[in-house]
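Welcome, and please have a look at the model below before reading on. The notes after it are meant to be read alongside the coordinates.

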Amino acid sequence: MAGVAGRLARLRCSGALSSPLQVTRFPALQLHLCGPAMRASQKDFENATNQVKLLKKDPGNEVKLKLYALYKQATEGPCNVPKPGVLDFINKAKWDAWNALGSLPKETARHNYVDLVASLSASSESSIQVTPAADRKQPGSDALVVTSQDGITTITLNRPDKKNALTTQMYHDIMLALEAAGKDDSAITVLTGNGDYYCSGNDLTNFTDIPPGGVEEKARSGAVLLRDFVDCFIDFPKPLVAVVNGPAVGISVTILGLFDIVYATDRATFHTPFSHLGQSPEGCSSYTFPKMMGPSKATEMLVFGKKLTAREACTQGLVTEVFPDSTFQKEVWVRLKAYSKLPPNAMRISKQVIRNTEKEKLHAINAEESNILRERWLSDECMNAVVSFLSKKAKL
Ligand SMILES: CCCCC/C=C/C(=O)SCCNC(=O)CCNC(=O)[C@H](O)C(C)(C)COP(=O)(O)OP(=O)(O)OC[C@H]1O[C@@H](n2cnc3c(N)ncnc32)[C@H](O)[C@@H]1OP(=O)(O)O
């Protein structure tokens with residue numbers, strides 16, 4: 001554990017790569033202002049540092065780095081600490097951002113900080129004032145888009161530049177979206193991705209957001225989140241369809257066993273590299289995969305990380321049907337629109353007849369997989385894999 005703790009200490013990030021609130025957890029953010037402010041007063045600056053803690057929306061890593069750099073410049077002046085080593089990538093990113101401000105005067109930095117926080121607060125306010133269509137509560141960030149049309153509620157993963165990797169916020173938003181979709185007047189619910197990927201699985205930077213309770217607390221809360229997330233798929237009451245628009249990795253693959261239909265473009269691949277990541281299967285795949293494809297094919301995927309093409313996944317029963325990429329969207333949506341016109345109550349009841357017998361078992365398996373993963377997340381094998389990816393040394 002000492003090795004893990006050491007690496008985690010380097011991974012730990014209080015503003016650059018984690019939640020918005022962590023911007024405020026730098027020791028340096030304890031105020032010790034000196035000198036008069038010329039354009040933004042000391043009071044404005046203090047208010048702004050408090051306002052940052054109240055932002056409702058994660059401003060993203062780039063903005064967090066800017067805030068960090070401006071804060072340091074405003075309170076300490078030009079960067080005056082040694083450059084961190086190349087492997088200490090988080091502190092190096094922070095150092096780079098601060099150092100890039102050169103000899104910017106403290107007063108200007110203070111003013112820019114106040115301006116930046118004001119603009120973030122304004123956009124955060126306007127995003128929660130938007131009245132959602134069809135009385136739907138909108139997700140907490142743009143990373144998830146929920147729409148309803150033609151009797152279909154579509155939940156779209158919308159982080160194409162990150163291959164739709166799932167942030168902690170997105171897990172929560174997907175759960176809320178599923179809860180609402182389960183109760184709305186649509187007949188079918190679809191999960192899909194925006195961009196060239198369907199989803200690259202868990203966002204590995206989630207591991208860098210360590211709470212005050214340390215890595216054990218992080219692993220514990222991660223396991224609770226995972227269990228709750230997968231429970232929503234087990235319990236989803238109406239037909240749930242995955243429109244797999246590109247490659248799928250990790251948890252986005254394992255939960256496919258809980259969908260009622262999986263349509264895939266022939267460009268999609270299905271990859272569960274848990275051993276490579278020092279992790280273990282989740283999403284009830286330790287049960288659904290052997291059941292659908294037999295234990296040995298499931299082992300190739302879940303233990304040895306064999307990546308399946310869409311056609312192979314279809315042969316194994318993980319995918320319902322594969323479509324040529326050029327006609328994928330058109331063919332799939334025509335099909336789904338026709339299905340959505342079928343009597344919704346009959347579809348809902350038929351789904352429940354098919355699925356309900358297994359529900360209790362699936363919940364127990366989900367709880368067990370989540371517990372096992374909690375242990376795995378504390379292992380050196382897992383931490384090494386995450387560090388390798390985040391330091392850009394490894395890709396799947
Ligand atoms: C609480 C619930 C936990 C549930 C447990 C879940 C487990 C899992 O899901 S395990 C699977 C985790 N996923 C991965 O290990 C995938 C890691 N990503 C990759 O290996 C590659 O990015 C790729 C193969 C998915 C795509 O490679 P490529 O086409 O070369 O694209 P880039 O690597 O340049 O990616 C663009 C951009 O996106 C970032 N990114 C992609 N995937 C993730 C990810 N899973 N987590 C964090 N970031 C990811 C990537 O770092 C690039 O970012 P920039 O460098 O900033 O552009």
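The report below covers domains, a sheet and cysteines in turn.

## Domains

Let's begin with the overall layout of this predicted model. The domain assignment of the chain gives two entries: domain 1 spans 42–122, and domain 2 spans 144–394. If you take the C-alpha centres of domain 1 and domain 2, you will find them 36 Å apart.

Next comes an open sheet built from three strands, in the order 5-7-8, with mixed pairing. Strand 5 (248–249) and strand 8 (308–309) are at the edges; each has a single partner strand, so one side of each is left without a neighbour in the sheet.

How do strand 7 and strand 8 run, parallel or antiparallel? Strand 7, residues 269–271, runs antiparallel to strand 8, and two bridges join them.

## Cysteines

How many disulfides does the structure hold? The count is zero. Cys382 is in no disulfide: the nearest cysteine sulfur belongs to Cys199 and is 17 Å away, whereas a disulfide needs the two sulfur atoms within 2.5 Å.

Is Cys382 buried or exposed? Cys382 is buried, because its relative accessible area is 0%, and buried means under 20%. Cys314, with a relative accessibility of 26%, counts as partly exposed.

Conventions
Residues are numbered from 1 along each chain as its sequence is written. This is a predicted model: local features need pLDDT of at least 70, side-chain atom pairs count only at pLDDT 80 or more; totals for chains, interfaces and linings use all residues. Side-chain values use heavy atoms; hydrogens and water are left out. Buried means under 20% relative accessible area, exposed over 50%, partly exposed in between (1.4 Å probe, protein chains only). Two strands pair if DSSP finds at least two bridges between them. Helices (H or I, at least four residues) and strands (E, at least two) are DSSP runs, numbered from the N terminus. Domain bounds come from an automatic or database domain assignment.
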